[in-house]
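Reader: Before we discuss this model, could you show me the sequence and the structure?

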Amino acid sequence: MKIESWLFMGGIFFFTPVAIVYGYMVNWEEWVGMLALLMLAAMSGMVGWYLKMTAKNVGIRPEDRVDGEIHENAGDIGLFAPWSWWPLVLASAAGISFLGLAVGWWVFYIGAGLAIIGVVGWVNEFSRGKHAH
């Protein structure tokens, strides 16, 4: 994961100068493109930082080694909840919220309320019931 983290961290050093050059090329009159490139540099840095912290916790994976074999990565890789209905609730909330941007703000607030319910339900899914930790 160290290679992936450095690839994303390298985005900071690429997109920041590109944003400055872009701002210079448009005579600092068009701010949207420059700010979008700076946000891209920031998001690239966040993903790189997350991967770097995850690499510390996970350790060296078989695909990071030259002598790594495919069978070394067999078995359970993560915790997945295929029986969960909360992603459907969140997708519905996002759809209702986007509809609210076109129809009216009152519809957006309904979608935002449903999204809060969906996030709370998804976060607490493994805290109760038969799948509690």
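Author: Helices (H or I, at least four residues) and strands (E, at least two) are DSSP runs, numbered from the N terminus. This is a predicted model, in which local features need pLDDT of at least 70, side-chain atom pairs count only at pLDDT 80 or more, and totals for chains, interfaces and linings use all residues. Residues are numbered from 1 along each chain as its sequence is written, and side-chain values use heavy atoms, with hydrogens and water left out.

Reader: How far apart are the end C-alpha atoms over residues 105–123?

Author: The unreviewed UniProt entry places the feature "transmembrane region" at several stretches, among them 7–25 and 105–123, although such annotations may be inferred rather than shown by experiment. Over residues 105–123 the chain is 100% helix and 0% strand, and its end C-alpha atoms are separated by 27 Å.

Reader: Are α1 and α2 roughly parallel or antiparallel?

Author: With axes as lines fitted to C-alpha atoms over the stretch in contact, and angles running from 0 to 180 degrees between N-to-C directions, α1 (residues 2–25) and α2 pack at about 165 degrees, their axes 7 Å apart. Because angles over 145 degrees count as roughly antiparallel, under 35 as roughly parallel, 65 to 115 as roughly perpendicular and the rest as oblique, the arrangement of α1 to α2 is roughly antiparallel.

Reader: Is Ile60 buried or exposed?

Author: Ile60 sits in the loop between α2 (31–58) and α3 (86–103). Buried means under 20% relative accessible area, exposed over 50%, and partly exposed in between (1.4 Å probe, protein chains only). Since its relative accessibility is 68%, Ile60 counts as exposed.
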